[in-house]
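Here is a short report on how the parts of one protein chain meet. Keep the sequence and the 3D view at hand while reading.

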Amino acid sequence: MSRLKELRKEKGYTQIKMQLLTGIDQSDYSKIENGKRYLTHEQCRRLAIALDTSMDYLAGLTDEKKPYPRSASAENQG
């Protein structure tokens, strides 16, 4: 999950900051970032919103970091 770590560092976020932004426990986040645990769909969504990218980018399905346009309801659920 190197893309996740790369994006986090680009933003200047710590793993604790990611916990605050996403609600994912820091120890769980660390395991996800190091490939020792898989993301749930909901965790992937929260991370994509927090890191301003797409779920497809996090999953390695695209090389485009820029997120898709989001609906107002998606932003409010994050």
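Which side chain meets Arg37 in a salt bridge? The partner is Asp28, with an N to O distance of 2.4 Å. This is a predicted model, and every value below is computed from it.

**Salt bridges**

A search of the whole structure finds 7 salt bridges. Three of them are set out here.

| Pair | N to O distance |
|---|---|
| Asp63 and Arg3 | 2.6 Å |
| Lys65 and Glu10 | 2.6 Å |
| Arg37 and Asp28 | 2.4 Å |

Start with Asp63 and Arg3, whose side chains meet in a salt bridge. This pair links distant parts of the chain. Asp63 sits in the loop between helix 5 and helix 6, while Arg3 belongs to helix 1. The two residues are 60 residues apart.

Next comes Lys65, which forms a salt bridge with Glu10. Lys65 lies in the loop between helix 5 and helix 6 and Glu10 lies in helix 1, so this pair ties together parts that are 55 residues apart in sequence. Lys65 counts as partly exposed because its relative accessibility is 31%, a value between the 20% and 50% cut-offs. Glu10 and Lys65 also belong to a network of salt bridges, together with Glu6.

Asp28 is one of the buried residues of helix 3. Arg37 has a relative accessibility of 39%, so it counts as partly exposed.

**A look at Asp63**

Where is Asp63 found? Its place is the loop between helix 5 (55-59) and helix 6 (72-77). Is Asp63 buried or exposed? Asp63 is exposed, because its relative accessible area of 64% is over the 50% cut-off.

Asp63 still has contacts. Leaving out residues up to four places away in sequence, Asp63 touches Arg3 and Tyr57. The side chains of Asp63 and Arg3 make a polar contact at 2.6 Å. Their C-alpha atoms are separated by 10.0 Å.

**Helix 2 against helix 3**

How do helix 2 and helix 3 cross? The axes of helix 2 (residues 15-22) and helix 3 (residues 26-33) come within 9 Å and cross at roughly 110°. That angle falls in the 65 to 115 degree range, so helix 2 is roughly perpendicular to helix 3.

Which residues meet at this crossing? From helix 2 come Gln15, Ile16, Met18 and Gln19. From helix 3 come Gln26, Tyr29, Ser30 and Glu33. By class, this contact has 3 nonpolar, 4 polar and 1 charged residues.

Gln15 lies in helix 2. At 16% relative accessibility it is under the 20% cut-off, so Gln15 counts as buried. Setting aside residues up to four places away in sequence, Gln15 touches Arg8, Gln26, Tyr29, Ser30 and Glu33.

**The buried side of helix 3**

Which residues of helix 3 are buried? They are Asp28, Tyr29, Ser30, Ile32 and Glu33. What do these buried residues pack against? Their partners are helix 1 (2-11), helix 2 and helix 4 (41-50). Just after helix 3, Gly35 takes a positive phi of about 75°.

How values were computed:
Residues are numbered from 1 along each chain as its sequence is written. This is a predicted model: local features need pLDDT of at least 70, side-chain atom pairs count only at pLDDT 80 or more; totals for chains, interfaces and linings use all residues. Side-chain values use heavy atoms; hydrogens and water are left out. Helices (H or I, at least four residues) and strands (E, at least two) are DSSP runs, numbered from the N terminus. Buried means under 20% relative accessible area, exposed over 50%, partly exposed in between (1.4 Å probe, protein chains only). Contact means heavy atoms within 4.5 Å. A polar contact is a pair of N or O atoms within 3.5 Å; within protein, one must be able to donate a hydrogen and the other to accept it, and residues adjacent in sequence count only if both atoms are side-chain atoms. Axes are lines fitted to C-alpha atoms, for helices over the stretch in contact, and angles run from 0 to 180 degrees between N-to-C directions. Angles under 35 degrees count as roughly parallel, over 145 as roughly antiparallel, 65 to 115 as roughly perpendicular and the rest as oblique. Ala, Val, Leu, Ile, Met, Phe, Trp, Tyr, Cys and Pro count as nonpolar, Asp, Glu, Lys and Arg as charged, and the others, Gly among them, as polar. A salt bridge is a side-chain nitrogen of Lys or Arg within 4 Å of a carboxyl oxygen of Asp or Glu.
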